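Trainee: I'd like to learn how to read a model like this one. Could we go through it feature by feature?

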Amino acid sequence: MGSVRTALGLMSGTSMDGIDVALVRSDGRVIVERGPSHLFPYEAAFRRRLEGGLAMAQALTGRDERPGGLAELEVELTDRHAVAVDSFCRQFGISASEIDVIGFHGQTVLHRPENALTVQLGDGARLSTATGIATIADMRANDMIHGGQGAPLVPAYHAALAGLIGAGDETVAFVNIGGIANVTFVQPGEPPVAFDCGPGNALIDQWMQEQAGIAFDQNGTIASEGRVVERVLNAYLDDPFFRKDGPKSLDRNDFSLALMDGVELHDGAATLARLTATGILEAAKLADIRPARWIVAGGGARNAAIMHDLRKASAGAQVEAAEQCGLSGDMMEAEAWAFLAVRSLQGLPLTWPTTTGVSRPVTGGVLHRPKGD
């Protein structure tokens, strides 16, 4: 085992609900310890500002451009992450000096892999100086430079988790249902196979906000009371994305509610939940992989309709929420960014041709040290 580092992962995901903070100890190859974690939620007004940032970012042509209010938004977002780090350390009695590195994701506001462009708001140098902790940011950029999609990056962590839960001798599918759904297939002795597989919670959340004025379908209750509108489901599934082999990745705005005109609230929620589940299961067919277990993480794991649809169509494979096997579905991505930060320090690959389409296994990330170090 190499040098074990203590790393803090910071994730502000496509659901834009807040900052997930998680502590992991690792040598970059195996997980030594999964430490405490906590969500620091955004208030509604800041979520609306982030949504406005998504709109402003649609015109970007370079990842360093910050026109209009994006520069100001980036500063505030970074400073909120610094406050979250300080609050986390206070809450769990951890000194900043005990943390070797921060893995800083930032907020994705644009993802256009066909243009080799991905933009995450977040100033790594500013965060490092504010926290006094070495910070690795921009972990997606080097992958794109070498021909990759820039996403997903979590598969390296999924592969390590398979060993941690004793699933190293069977094929396991790790599913993350955030704003976008993605899947990682971990097969014994092989590099992980991974790709985005369709809308996750983003469309459902938008539907609930538009139709009912609420942020999301808690526990999938509304979807569970509806009926799938097959014509609408099939219209979504006719999108060429679902027939495209991986690696492939999505932007939050690649799918919209344009096909949902005239659909009732409950039926719409049920239809979008089925769309999420179908995209996940179709991923296994595309990859020609038959997992023995599906381990589901992210907010979508709490949606009873999605989980029911997955279990009903999983061809006998076990479908379980991450918590059922001792993992944290909500904090898996934050933990992953901590793990990736350690891999970056060690110069280990973050992505492979089978996960992002990169030309060869490559590391990534830009290291920032506090001013004065």
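Trainee: At what angle do helix H1 and H2 pack, and how far apart are their axes?
Mentor: Two packed helices are described by the angle between their axes and the distance between the axes. Here helix H1 (residues 44–57) and H2 pack at about 135°, with the axes 11 Å apart. That makes H1 oblique to H2; angles under 35 degrees count as roughly parallel, over 145 as roughly antiparallel, 65 to 115 as roughly perpendicular and the rest as oblique. Axes are lines fitted to C-alpha atoms, for helices over the stretch in contact, and angles run from 0 to 180 degrees between N-to-C directions. Helices (H or I, at least four residues) and strands (E, at least two) are DSSP runs, numbered from the N terminus.

Mentor: Before we go on, this is a predicted model, where local features need pLDDT of at least 70 and side-chain atom pairs count only at pLDDT 80 or more, while totals for chains, interfaces and linings use all residues. Residues are numbered from 1 along each chain as its sequence is written, and side-chain values use heavy atoms, with hydrogens and water left out.

Trainee: Is the crossing of H1 and H2 left-handed or right-handed?
Mentor: Left-handed. A crossing gets that name if the near helix is turned anticlockwise from the far one by less than a right angle, and is right-handed if clockwise. On the H1 side, Phe46, Arg49, Leu50, Gly53, Met56 and Ala57 meet Leu70, Glu72, Leu73, Glu76, Leu77 and Arg80 in H2. Contact means heavy atoms within 4.5 Å.

Trainee: What span should H2 have, and which of its residues are buried?
Mentor: The expected span of a helix is 1.5 Å times one less than its number of residues. H2 (residues 70–92) has 23 residues and should therefore span 33 Å, and its end C-alpha atoms are 33 Å apart, in agreement. Its buried residues include Leu70, Leu73, Leu77, Val85 and Phe88. Buried means under 20% relative accessible area, exposed over 50%, partly exposed in between (1.4 Å probe, protein chains only). Just after H2, glycine 93 has a positive phi of about 65°.

Trainee: How do H9 and H10 pack?
Mentor: Their angle is about 40° and their axes are 8 Å apart. That makes H9 oblique to H10, and this crossing is right-handed. Among the residues making the contact are Ala273, Ala277 and Ile280 of H9 and Ile306 and Leu310 of H10.

Trainee: Now the core. Which residues of the largest nonpolar core touch the most other members?
Mentor: In soluble globular proteins, nonpolar side chains tend to be buried together. A nonpolar core is a set of buried Ala, Val, Leu, Ile, Met, Phe, Trp, Tyr and Cys residues joined through side-chain atoms within 4.5 Å. The largest one here has 48 residues, and Val183, Phe185, Trp207, Tyr236, Leu272, Trp294 and Leu310 touch the most other members. Helix H9 (residues 265–287) gives the most to this core, with ten residues. A second, separate core of 35 residues includes Ala7, Ile136, Val186 and Phe339.

Trainee: What do the buried residues of H6 pack against?
Mentor: Strand E9 (193–199), H7, H8, H9 and helix H10 (304–312). Those buried residues are Ala202, Leu203, Ile204, Asp205, Trp207 and Met208. Just after H6, glycine 213 takes a positive phi of about 70°.

Trainee: Which residues other than glycine have a positive phi, and where are the cis bonds?
Mentor: Most residues other than glycine have a negative phi, and most peptide bonds are trans. Aspartate 138 has a positive phi of about 55°; it sits in the loop between strand E6 (135–137) and H4 and is partly exposed, at 26% relative accessible area. Asparagine 219 has a positive phi near 60°, lies in the loop between helix H6 (202–212) and helix H7 (221–224), and counts as partly exposed at 45%. As for cis bonds, one runs from alanine 151 to proline 152, with omega near -5°, and another joins glycine 246 and proline 247, with omega about 0°. Proline 247 is in the loop between helix H8 (230–237) and H9.

Trainee: How far apart are arginine 252 and threonine 14, in sequence and in space?
Mentor: They are 238 residues apart in sequence and 7.0 Å apart in space, C-alpha to C-alpha. Arginine 252 counts as buried at 17% relative accessibility.
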